[in-house]
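Here are my notes on the model you asked me to look through. Keep the picture open while you read, and go point by point.

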Amino acid sequence: MKSSALTSLIEASKPTNISTESAHHHALAAQVLYNLQYQHDWTDLGIHTRSPITDTPLTKPLISGLPPHRIYVHPDEQIEMLKQNIQEKDIPSEREWVLPTHLREPWSLRKFALVFDKIDEVPPTVNQSVDREKGKRRGGKRLLLATVGDDSTIVYYVVHDGIVKPRQN
């Protein structure tokens with residue numbers, strides 16, 4: 001019997017000589033990457049296992065990629081767009097970090113802080129570094145928390161490093 005495309009991707013992306021827990025994290029990352037690529041039309045996707053800042057191993061793999069449209073618009077930028085009559089669809093998308101997690105994984109502010117300490121505001125492109133001077137954006141660091149349920153449903157939440165001014169509705 002032939003394996004599904006997702007199973008093949010998970011098997012192909014699994015590193016060798018790693019613990020069972022690490023293999024689980026990599027399989028989860030591969031599942032989220034597959035969802036972003038084939039269900040949400042993201043491009044330039046990659047899985048990161050080392051910090052782009054310190055080059056030390058990450059506690060769990062992160063994904064970076066380019067969504068088809070902007071995921072988050074900072075409130076100050078939103079006000080400028082309203083004044084200039086610019087639509088959200090007319091602004092370019094930005095590379096995003098994605099943190100794959102399972103619904104049953106407990107998360108705390110300390111765990112999020114450890115993740116944010118190891119990433120830049122803007123993710124590097126796959127197999128490249130990011131220019132830290134150009135890699136700044138309004139609102140500071142953020143990531144998408146990809147939470148995978150037991151039924152393989154994936155929901156995405158925008159998580160910021162710190163407090164962010166509320167959006168205008």
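1. Start at R50, whose bridge partner in strand 2 is P57. Helices and strands here are DSSP runs numbered from the N terminus, with helices (H or I) having at least four residues and strands (E) at least two. Two strands count as paired if DSSP finds at least two bridges between them.

2. A word on the source: this is a predicted model, where local features need pLDDT of at least 70 and side-chain atom pairs count only at pLDDT 80 or more, while totals for chains, interfaces and linings use all residues. Residues are numbered from 1 along each chain as its sequence is written, and side-chain values use heavy atoms, leaving out hydrogens and water.

3. Now look at the turn. Strand 1 and strand 2 make a hairpin with 6 residues between them, and D55 in the turn has a positive phi of about 60°. S51 sits in the loop between these two strands. Is S51 buried or exposed? At 3% relative accessibility, S51 counts as buried (buried is under 20% relative accessible area, exposed over 50%, partly exposed in between, with a 1.4 Å probe and protein chains only). Its side chain reaches the backbone nitrogen of T54 at 3.1 Å, a polar contact being a pair of N or O atoms within 3.5 Å; within protein, one must be able to donate a hydrogen and the other to accept it, and residues adjacent in sequence count only if both atoms are side-chain atoms. Setting aside neighbours within four places in sequence, S51 is in contact with T56, L58 and K118 (contact means heavy atoms within 4.5 Å).

4. Strand 2 pairs with strand 3 (residues 96–102) in the antiparallel sense over 3 bridges, and G65 has E96 as its bridge partner in strand 3.

5. (Axes are lines fitted to C-alpha atoms, for helices over the stretch in contact, and angles run from 0 to 180 degrees between N-to-C directions.) Find F112 in helix 4 (residues 109–117). F112 is buried, with a relative accessible area of 15%. Beyond neighbours within four places in sequence, F112 is in contact with L99, W107, L145 and V159. F112 and L99 are 13 residues apart in sequence and 9.8 Å apart in space, C-alpha to C-alpha.

6. Last, the inside. The largest nonpolar core has 13 residues, of which V32, L36, W42, L45, I63 and V98 touch the most other members. A nonpolar core is a set of buried Ala, Val, Leu, Ile, Met, Phe, Trp, Tyr and Cys residues joined through side-chain atoms within 4.5 Å. Helix 2 (20–39) and strand 4 (142–148) each supply at least two residues of this core, and helix 2 gives the largest share, 5 residues. Apart from this core lies another, of 11 residues, among them L99, V115, F116 and L143.
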